[in-house]
Amino acid sequence: MEKIETGEIITMIDDNGRTQDMEVLKTLALDGKEYAVVGYVEELQQKTDEEIDVFFLRVDNDEQLSLIENDEELEKVSAAFNEAKEE
């Protein structure tokens, strides 16, 4: 798989086997690892003032996205993305 890029649309499969189109909103390198923040395409296309759900994912060596299951790692990644957003 090619490098994950901002703006890319990816299809994720949830625990129930349903597919969801997600857009990569931003990527970030942190502590030698790559991460991506993604949101549901459907929510992103709606013009609304409501907050949207976003998910922080780790980009594995084979460019596959996986959930961050470690709470400490998730907090660190979330803080880094928030800090990058403010710049």
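The structure is a predicted model. The largest pocket holds about 360 Å³ of space, and the second largest pocket about 170 Å³. A search of the whole structure finds two aromatic pairs.

**Largest pocket**

- About 360 Å³ of space lies in this pocket, and 14 residues line it.
- The lining residues closest to the centre of the largest pocket are Met 12, Ile 13, Asp 14, Tyr 40 and Leu 67.
- Five strands each supply at least two residues of the lining: S1 (9–13), S2, S3 (33–40), S4 (54–59) and S5 (65–67).
- Strand S5 gives the most to this lining, with three residues.
- Sorted by class, the lining of the largest pocket has nine nonpolar, three charged and two polar residues.

**Second largest pocket**

- The lining of the second largest pocket consists of Leu 25, Lys 26, Val 37, Val 54, Phe 56, Phe 81, Asn 82 and Lys 85.
- Strands S2 and S4 and helix H2 (71–86) are the elements that give two or more residues to this lining.
- Helix H2 gives the most, with three residues.
- By class, five residues of the lining of the second largest pocket are nonpolar, two are charged and one is polar.

**Aromatic pairs**

- Tyr 40 and Phe 55 form an edge-to-face pair, with 5.4 Å from centre to centre and 80° between the planes.
- This pair links distant parts of the chain, since Tyr 40 is in strand S3 and Phe 55 is in strand S4, 15 residues apart.
- Tyr 40 is partly exposed, with a relative accessible area of 25%, and Phe 55 is partly exposed as well, at 29%.
- Phe 56 and Phe 81 form a tilted pair, with 5.5 Å from centre to centre and 40° between the planes.
- Phe 56 lies in strand S4 and Phe 81 in helix H2, so their pair ties together parts that are 25 residues apart in sequence.
- Both Phe 56 and Phe 81 are buried, and both are among the lining residues of the second largest pocket.

**Gln 20**

- Gln 20 is found in strand S2 (residues 19–30).
- The relative accessible area of Gln 20 is 34%, which lies between the 20% limit for buried and the 50% limit for exposed, so Gln 20 counts as partly exposed.
- Leaving aside neighbours within four places in sequence, Gln 20 is in contact with Ile 10, Thr 11, Met 12 and Tyr 40.
- Gln 20 and Val 41 are 21 residues apart along the chain, and their C-alpha atoms are separated by 8.2 Å.

Methods:
Residues numbered from 1 in each chain as written. Predicted model: local features only at pLDDT ≥ 70, side-chain atom pairs only at ≥ 80, totals over all residues. Heavy atoms only, no water. Helix = DSSP H or I, 4+ residues; strand = E, 2+ residues; numbered from the N terminus. Buried < 20%, exposed > 50% of the residue type's maximum accessible area, 1.4 Å probe, protein only. Contact = heavy atoms within 4.5 Å. 1 Å grid on protein atoms, 1.4 Å probe; cavity = no way out; pocket = protein on both sides within 12 Å on 5 of 7 lines; lining within 4 Å. Points joined across faces, edges and corners; volume = space filled by probe spheres on them. Nonpolar A, V, L, I, M, F, W, Y, C, P; charged D, E, K, R; others polar. Phe/Tyr/Trp six-rings, centres within 6.5 Å; stacked < 30°, edge-to-face > 60°.
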